[in-house]
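Dear colleague,

I am handing over the structure below, together with some notes on what was found in it. Please read the notes with the model open beside you.

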Amino acid sequence: MIDASLDGLRIAAIVPCRNEEAAVGRVVRDLKNAVPDVDVFVYDNCSTDRTREVAEAAGAEVRVENWPGKGNVIRRALADIDADVYVMIDGDGTYDAEALPDMLQALVEGPLDHVTGVRVAHAPGVYRSGHELGNLVFNRIVSRIFGRPVTDMLSGYRVLSRRFVKSFPAVSRAFEIETELTVHAINNRVPQGEVPVRFCDRPEGSESKLRTYHDGLRIARMITRLLHHERPLALYSTLAGLMVLTALGIAAPIVQEYLRTGLVGRFPTAFGAASLVVVAFIVMVVGILLDGLRKVRQETTRIAYMTIPAVPRRPRGPALSAVTTFNALSKDNAPSNRIVRTANGSAVRPAGWTSERV
């Protein structure tokens, strides 16, 4: 049921599609049933089937993005569409549209800027084994590098505030867009949360566009690139430290020989070790300079973020703070069991539910 706190909000759902005629119609109808006032924009991304006709028949506004890749679609849609709240959901029918009111409510009542729908498989075997393992590995890597716990960084089901969207650069081209969204939210310390949602099998006739190894490598490259841009001092100081340790290992026998004989027997090796220390110093300086540029860029992004007001809020229950984790759905997946956990460790249900500490 839609809460009164969502009344009057312009809500836009962005549905990237490529050859999804088997599922997109149901996705559009489910979104409109869950949130009747939502404007659904289906972006046809180089489809060769009847995706466009099916989406239009279901009541969506269909737009076209000719550059292939999910990242290109999201980049175009976030720039073109004007709304208070943006919903990002895949057109393959694997995400539960009925969870959208809970996600919207969590965003508005926070107020939050970024809510991720964390996938909870409704049955064994829904996840392809390679995808599940890759997601787990990437979650841990990003959590360790950027210092914030991440539960499902590759989820394609998200709710975003206007000020988040209009301060998000969106440079990704393909499936690494979710990684970019996650790291942008963490690095800019925007208030964010997670809501568990059911994850289902694709309908018959629908095929996944995600290529496990190819897209996994793209995501790994994106993480490396984001580490270079967002944590340059940590990256370059680590490289510099490794170079110094290598130089010390190379130079140790030469120093021992010099202390024993007073002679430098392997001058080229000594020169190489000294050169490696110099290079390490240069690398460290580069890291310091890039870190200064990062701070300037973050301040500029923050200024752009602050110029846009938060989502209008009509509070009815306890406000939510930045969410770090959640309780999984119970076996019956009843909506009353959906709980979001705040940073202080207390579990708070969205408005209209009874608060509960766990």
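There are 3 aromatic pairs in the structure, where rings of Phe, Tyr and Trp (its six-membered ring) pair if their centres lie within 6.5 Å, and planes under 30 degrees apart count as stacked, over 60 as edge-to-face and the rest as tilted. Phe164 and Phe168 are a stacked pair, because their ring centres lie 5.9 Å apart and their planes stand at 20°. Both of these residues, Phe164 and Phe168, are buried, which is to say under 20% relative accessible area, with exposed being over 50% and partly exposed in between (1.4 Å probe, protein chains only). Tyr95, Tyr157 and Phe199 make up one aromatic cluster, and the charged end of Arg119 sits over the ring of Phe199 at 5.3 Å from its centre; for this, NZ of Lys or CZ of Arg must be within 6 Å of the ring centre and within 35 degrees of the ring normal.

Please keep in mind that this is a predicted model, in which local features need pLDDT of at least 70 and side-chain atom pairs count only at pLDDT 80 or more, while totals for chains, interfaces and linings use all residues. Residues are numbered from 1 along each chain as its sequence is written, and side-chain values use heavy atoms, with hydrogens and water left out.

Turning to the sheet, 7 strands form an open sheet in the order β3-β2-β1-β4-β6-β5-β7, with mixed pairing; helices (H or I, at least four residues) and strands (E, at least two) are DSSP runs, numbered from the N terminus, and two strands pair if DSSP finds at least two bridges between them. The edge strands are β3 (61-64) and β7, each of which pairs on one side only.

Strand β5 (residues 114-121) has 7 of its 8 residues buried, so it is largely enclosed by the rest of the structure. With β6 (residues 158-161), β5 pairs in the antiparallel sense over 3 bridges, and Thr116 stands opposite Arg158 there. With β7 (residues 192-199), β5 pairs in the parallel sense over 8 bridges, including Gly117 with Val195 and Ala121 with Phe199.

Helix α4 (residues 100-109) is mostly covered, as 10 of its 10 residues are buried, among them Asp102 and Glu109. Its buried residues pack against β1 (11-17), α1 (24-34), β4 (85-88), β5, β6 and β7, contact meaning heavy atoms within 4.5 Å.

With best wishes
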